[in-house]
Amino acid sequence: MAGDTCAAGALEESDRAVEADKIWAERPALPNAEAKLQPLEHAGRSYAQKRDVVLEVMAKQKADALVLAAGDSINWLLNIRGGDVEFNPLVLGYFVLAADGSGTLITYSREWSAEVRTAFAAERIAVADIAELFAGKAQLSKGQRVMMDPALVPQGWFDITTKLGCDVV
């Protein structure tokens, strides 16, 4: 997932965020609830087993990367649970899975338990602060073939892939 990242428009986006902060005086705190691993007996399959099925689909599509944006899909795939949404066991964010099996969970800054950090390291899952995404660091490289579901992935990801010259499959 290394390579050129999309920074075009990052300053403008960051300026808009600062302006929004000025007028949204009663903005709730950003999500930062503790994330936990879902026990295998509840998850049914390990992350590696689920990932391998997804990688097979990606290979058939000749995709270099997959972008997930739906919290339930991300939490299911990674076998994690959180509390970013009241009464819902979700960690919010995005997940980018590379064809080599490595991945990046892009989420709000938080402390991760040793158990989660160890599991992520063993599976080559990096964690990136969502502020990096808004600053133009999308964890994608120029010219990649990227799988995204237009019904679930926000338009901003399509804008990023267009700026990088990526093909969406």
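In this predicted model, helices α3 (47-60) and α5 (114-122) each contribute at least two residues to the lining of the second largest pocket. That pocket has a volume of about 180 Å³, and its lining is made up of L37, Q38, L40, S46, Y47, A48, L78, N79, A119, F120, E123 and I125. Sorted by class, the residues around the second largest pocket are eight nonpolar, three polar and one charged.

**Helix α4 and the residue after it**

N79, which comes just after α4, adopts a positive phi of about 55°.

**Aromatic pairs**

How many aromatic pairs does a search of the whole structure find? The search returns two, and their geometry is set out below.

| Pair | Distance between ring centres | Angle between planes | Arrangement |
|---|---|---|---|
| Y94 and W157 | 5.5 Å | 65° | edge-to-face |
| W112 and F120 | 5.7 Å | 50° | tilted |

The pair of Y94 and W157 is edge-to-face because the planes of the two rings stand at 65°, and the cut-off for that class is over 60 degrees. This pair links distant parts of the chain, with Y94 in strand β4 (residues 93-98) and W157 in helix α7 (residues 155-164), 63 residues apart. Both Y94 and W157 are buried. In the pair of W112 and F120 the planes lie at 50°, so the pair is tilted. W112 is buried, with a relative accessible area of 12%, and F120 is likewise buried, with a relative accessible area of 4%.

**Helix α7**

Helix α7, which holds W157, has as its buried residues W157, F158, I160, T161 and L164. They cover an arc of only 160° around the axis, which puts them on the same side of α7. On the face of α7 turned away from that buried side are the exposed residues Q155 and T162.

The C-alpha atoms of G156 and L133 are 10.0 Å apart in space, while the two residues are 23 apart in sequence. After α7 comes G165, whose phi is positive, near 70°.

Strand β4, which carries Y94, belongs to an open sheet of six strands that has the order β6-β5-β4-β2-β7-β8 and mixed pairing. The edges are formed by β6 (125-129) and β8 (167-168), each of which has a single partner strand, so one side of each is left without a neighbour in the sheet.

Is the pairing of β2 with β4 parallel or antiparallel? These two strands pair in the antiparallel sense over four bridges, with V67 opposite V96 in β4 and L68 opposite F95 in β4. The pairing of β2 with strand β7 (residues 145-147), by contrast, is in the parallel sense and runs over two bridges; there, the bridge partner of L66 is M147 in β7.

Which residues cover the two faces of strand β2 (residues 65-68), and are they buried or exposed? A65 and V67 lie on one side, L66 and L68 lie on the other, and all of them are buried, so that both faces of the strand are covered.

Definitions and conventions
Residues numbered from 1 in each chain as written. Predicted model: local features only at pLDDT ≥ 70, side-chain atom pairs only at ≥ 80, totals over all residues. Heavy atoms only, no water. 1 Å grid on protein atoms, 1.4 Å probe; cavity = no way out; pocket = protein on both sides within 12 Å on 5 of 7 lines; lining within 4 Å. Points joined across faces, edges and corners; volume = space filled by probe spheres on them. Nonpolar A, V, L, I, M, F, W, Y, C, P; charged D, E, K, R; others polar. Phe/Tyr/Trp six-rings, centres within 6.5 Å; stacked < 30°, edge-to-face > 60°. Buried < 20%, exposed > 50% of the residue type's maximum accessible area, 1.4 Å probe, protein only. Arc of directions from axis to C-beta. Pairing = 2+ DSSP bridges.
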